[in-house]
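Please look over the sequence and the model shown here, and read the notes that follow alongside them.

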Amino acid sequence: MPTDTLLRIEDLVVAFDGFRVLDDLSLTLARGELRFLIGPNGAGKTTLMDVISGKIRADSGKVMFDLSHPEDAVSRPTQVDIEGEIRFEGHELTRMREDQIVKAGIGRKFQTPSVFGSLTCFNNVEVAAGFRDRVLGFFLPLGRARKEQVMSALERVGLEGRRDVPASALSHGERQWLEIAMLLVQDPKLLLLDEPVAGMTTRERERTGELLHALEGSHSIVVTEHDMDFVRQFSRTVTVLHMGRVLAEGRVEAIQSDPRVQEVYTGRHKTPAGAPA
Ligand SMILES: Nc1ncnc2c1ncn2[C@@H]1O[C@H](COP(=O)(O)OP(=O)(O)OP(=O)(O)O)[C@@H](O)[C@H]1O
Ligand SMILES: [Mg+2]
C-alpha cells in the first residue's frame, strides 16, 4: 500500500437476504483526504460506513487501514486488515471488533446524534475522551492535560463559548458539531460522517463545510451528503455509489456532467446539481 494511502477497500460484498447492498465495492482513500460520498437513497453509503466501523460484517472483501506512525514505524505494525466474515472453503476468519477499530483510529458519526442531553458540552466531550482512554488502556488523571484536550476539541468545532451549556439546549447544528468534537478528542485518523449537514440552516452548513476544510490534511474524512449545493461548494473528490458499486469518481464538475451519473438520478427526487432535473 503506498504510504499516502490510509484506507483501501477491495471487493467488498455485503448482502441482506441474498441482495447485494455492497457489490464488489473497491475504494481508496489517501491520508488527509476529504472525500464526499454521494449516491441515490439505498446506494449503500451508510452500509459502507457500517462495515468500515465494524458495525456490520462484510460477506467478503477487505478493508485495509494503515496504522503506521512515522515516529515508531519500526515497533508497530504498519497495516492491519479489518476483514469481513470471509467464508473460504468453510473457514470463517475473525474480524476486528468495533472498539478495536476505534483504537485503530476510526471515528464514526451516525445520522442521528448521540449526545447526553443533560450533560454540558464540556462533559460530553470529556466522556468521549474517557472512552478513548479506556479503549487504549490509558488511565490519565482528569487533570489539566485532559481539560486542554477537551477544550481544544471544542475550539476546533467552534463550541468553546458553549462549553457549559447542556447539550439539550444546543441547536441542531451545534449538536452535530458537538458530536464531531467528541470524535476529534479521540484523535482519529479517519472520520466517517454520515449526512452531518442534514437539517442544518444555511449558515450552519457553511460553518460545517469550513470545518471539514479545516480538518482535512490532519484527518482523512469520508462524508455523505444529498444536498448537491453543499457538495458543489465544499467537495474535493466525489465518489458516486450506485447499487453498491462505485459508479463514478472525480471532481464535482466532472461528476455532474457524467451521463451515467445523470442517468441514475433521472426520475428521482434528488438530482445532482447541474444535471437535468
Ligand atoms: N439491516 C438491513 N437489513 C436489510 N436491508 C438493509 C439493512 N440495512 C440497509 N439495508 C438495505 O441496503 C440498501 C443500502 O442501504 P444504505 O442505508 O446503505 O443506503 P444509503 O446509500 O445510505 O441510503 P440513504 O441515502 O437513504 O441514506 C438499501 O436497499 C437498504 O434497504
Ligand atoms: Mg444512509
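Histidine 242 has arginine 245 in β12 as its bridge partner, and six bridges join β11 (residues 237-242) to β12 (residues 245-251), the two running antiparallel. Strands and helices here are DSSP runs (E, at least two residues, for strands; H or I, at least four, for helices), numbered from the N terminus, and two strands pair if DSSP finds at least two bridges between them. β11 and β12 form a hairpin with two residues between them, and in the turn methionine 243 has a positive phi of about 50 degrees.

This is a predicted model, in which local features need pLDDT of at least 70 and side-chain atom pairs count only at pLDDT 80 or more, whereas totals for chains, interfaces and linings use all residues. Residues are numbered from 1 along each chain as its sequence is written, while chains are lettered from A and ligands numbered from 1 in the order in which they are written.

## The other partner of β11

β11 also pairs with strand β3 (residues 34-38), in the parallel sense and over four bridges; within that pairing, leucine 37 has threonine 239 of β11 as its bridge partner. Five of the six residues of β11 are buried, a term that requires 20 or more other C-beta atoms within 10 Å of the residue's own, with C-beta atoms placed from the backbone.

## Helix α5

Helix α5 (residues 172-184) has 13 residues, which at 1.5 Å a residue should span 18 Å, and its end C-alpha atoms are 19 Å apart, which agrees; the expected span is 1.5 Å times one less than the number of residues. Of these 13 residues, 11 are buried, including Trp177, Ile180 and Leu184.

Note on methods
A residue is buried if 20 or more other C-beta atoms lie within 10 Å of its own, exposed if 12 or fewer, and partly exposed in between; C-beta atoms are placed from the backbone.
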